[in-house]
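Subject: Handover of a structure

Hello,

I am passing this structure on to you. Please have it open while you read the notes below.

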Amino acid sequence: MTEPSIRVDDIDERCLTLDLVRVTERAAVAAARWRGRGDERSADQAAVDAMRRELNRLPIDGTVVIGEGERDEAPMLFIGERVGTGHGPKVDLAVAPLEGTTLCAKDLPGSITVLAMAQSGALLNAPDVYMEKIAVGPGYPPGIVDLDRSPEDNIRALAAAKGVDPSRITVAVLDRPRHADLVAACRRVGASLRLLSDGDVAGIIFTAQPHKTDVDLYLGSGGAPEGVLAAGVLRCVGGQMQGRLILDSADKRERASAMGIADPHKTYGMDEMASGDVIVAATGVTDGPLAHGVRFSRGIVETEAVLYRSSSGTVRRIRAEHRDVGKFRL
């Protein structure tokens with residue numbers, strides 16, 4: 001019996017997927033050198049510089065469609081920036097070089113570096129603004145939650161689908177003053193709250209594994225880049241998500257219009273934010289529920305990454321010991 005052949009294109013694609021992990025590893029190590037130093041800007045800049053440097057070594061013709069700002073905000077990885085060698089597949093990228101800058105600066109759990117890649121045109125191209133978000137994990141009928149419903153109605157609907165009382169539902173919300181009314185609404189219906197100090201990418205991913213995280217629902221507003229990245233992960237592991245850009249000024253609406261967004265009030269489904277074959281890599285900076293943080297020891301740097309892919313539905317954990325420590329020097 002002959003074994004199935006593996007095309008050269010398949011091998012190249014697999015190598016590129018692992019290259020994405022290496023990009024997030026380098027960014028995580030660079031940021032980890034600033035853990036606990038109280039300097040968010042330097043930690044973020046270190047991650048940005050490392051991620052940009054490694055992306056520009058990849059054999060891709062890449063465009064950052066979701067980044068840390070637009071062109072006038074460089075040196076961050078800005079929306080519209082071209083990365084890669086220019087020789088290779090045309091791809092779109094969504095980046096969060098340091099998700100949880102405060103967590104890193106205070107050496108608190110949950111800081112990660114994240115990168116998503118998809119074919120050109122597959123990721124939502126939007127300005128760096130806030131986005132309203134709602135997300136649940138897999139196993140529920142389509143439309144079980146909706147941004148146009150009240151928090152109470154969404155919690156009741158989810159509880160009914162799960163066959164439990166609303167008091168058995170746990171909602172993840174960023175702990176921000178702007179969410180005071182949302183928090184009050186969740187508590188009125190009796191739901192438990194997981195208030196996140198930072199990191200709403202992880203908060204949305206939590207909904208995909210409620211048996212491990214005890215989080216059933218994500219609600220609230222946060223960065224649009226983080227929303228697209230989280231949508232990419234849910235595409236890989238299952239779940240439902242909606243997002244709506246908060247374009248509450250003429251300047252934001254003009255920026256969105258320039259990027260091709262005709263309806264400033266549009267609600268985007270998960271597949272509209274991230275379509276096609278999506279690959280997401282995330283590496284821990286500090287210890288957290290998604291991945292262990294970077295560990296430094298004499299002559300060795302240890303990292304843990306998680307790699308998601310929508311076409312295969314696989315989730316891979318990659319723990320690495322990097323012995324050529326010189327490659328990580330800034």
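What follows is a short account of the chain as a whole and then of some single residues.

The model is predicted. Please keep that in mind for everything below.

The chain as a whole

The protein chain contains 10 helices and 14 strands. Its C-alpha trace extends over about 60 × 55 × 45 Å along the principal axes. A compact globule of 330 residues would have a radius of gyration near 20 Å, and the 19 Å of the protein chain agrees with that.

Of the 330 residues, 54% count as buried. Among contacts in the chain with a separation of 6 or more, 68% are between residues 24 or more positions apart. The accessible surface is about 14700 Å², and carbon and sulfur atoms make up 48% of it.

As for charge, there are 41 positive and 47 negative side chains in the protein chain. The centres of these two sets are 4 Å apart.

Cysteines

How many disulfides does the structure hold? The number is zero. A disulfide is a covalent bond between the sulfur atoms of two cysteines. Two cysteines can be described here. Cysteine 186 is buried because its relative accessibility is 0%, where under 20% is the cut-off. Cysteine 236 has a relative accessible area of 6%, so this cysteine also counts as buried.

Two aspartates with positive phi

Most residues other than glycine have a negative phi. Aspartate 107 has a positive value, with phi near 55°. Aspartate 107 sits in the loop that runs between helix H3 (101-105) and strand S4 (112-119). With a relative accessible area of 44%, aspartate 107 is partly exposed.

Aspartate 214 also has a positive phi, of about 65°, and is not a glycine. The loop that holds aspartate 214 lies between helix H7 (210-213) and strand S8 (217-223).

Where is arginine 178 placed? Arginine 178 belongs to the loop between strand S6 (170-174) and helix H5 (180-188). The relative accessibility of arginine 178 is 36%, so this residue counts as partly exposed. Neighbours within four places in sequence aside, arginine 178 is in contact with Tyr130, Ser221 and Gly222. Glycine 220 is 42 residues away from arginine 178 in sequence, and their C-alpha atoms are 9.0 Å apart.

Arginine 82 is in strand S2 (residues 82-83). This arginine counts as exposed because its relative accessibility is 52%, and exposed means over 50%. Not counting residues up to four places away in sequence, arginine 82 touches Asn56, Asp61, Gly62, Thr63 and Lys90. Leucine 93 is 11 residues from arginine 82 along the chain, with a C-alpha separation of 9.7 Å.

Arginine 323 is in the segment after strand S14 (314-322). Is arginine 323 buried or exposed? At 57% relative accessibility, arginine 323 is exposed. Apart from neighbours within four places in sequence, arginine 323 is in contact with Gly299 and Ile300. The C-alpha atoms of arginine 323 and isoleucine 300 are separated by 4.8 Å, while the two residues are 23 positions apart along the chain.

One more aspartate

Aspartate 49 is part of helix H2 (residues 40-55). Aspartate 49 has a relative accessibility of 34%, so this aspartate counts as partly exposed. Between aspartate 49 and leucine 124 the C-alpha distance is 24 Å, and the sequence separation is 75 residues.

To start looking, you could go to arginine 82 in strand S2 and then to arginine 323 after strand S14.

Regards

Methods. Residues numbered from 1 in each chain as written. Predicted model: local features only at pLDDT ≥ 70, side-chain atom pairs only at ≥ 80, totals over all residues. Heavy atoms only, no water. Helix = DSSP H or I, 4+ residues; strand = E, 2+ residues; numbered from the N terminus. Rg over C-alpha atoms; globule rule 2.2 N^0.38 Å. Buried < 20%, exposed > 50% of the residue type's maximum accessible area, 1.4 Å probe, protein only. Contact = heavy atoms within 4.5 Å. Areas by Shrake-Rupley, 256 points an atom, 1.4 Å probe, with all protein chains shown as cover. Lys, Arg positive; Asp, Glu negative; His and termini not counted. Charge placed at Lys NZ, Arg CZ, Asp CG, Glu CD. Disulfide = S-S within 2.5 Å.
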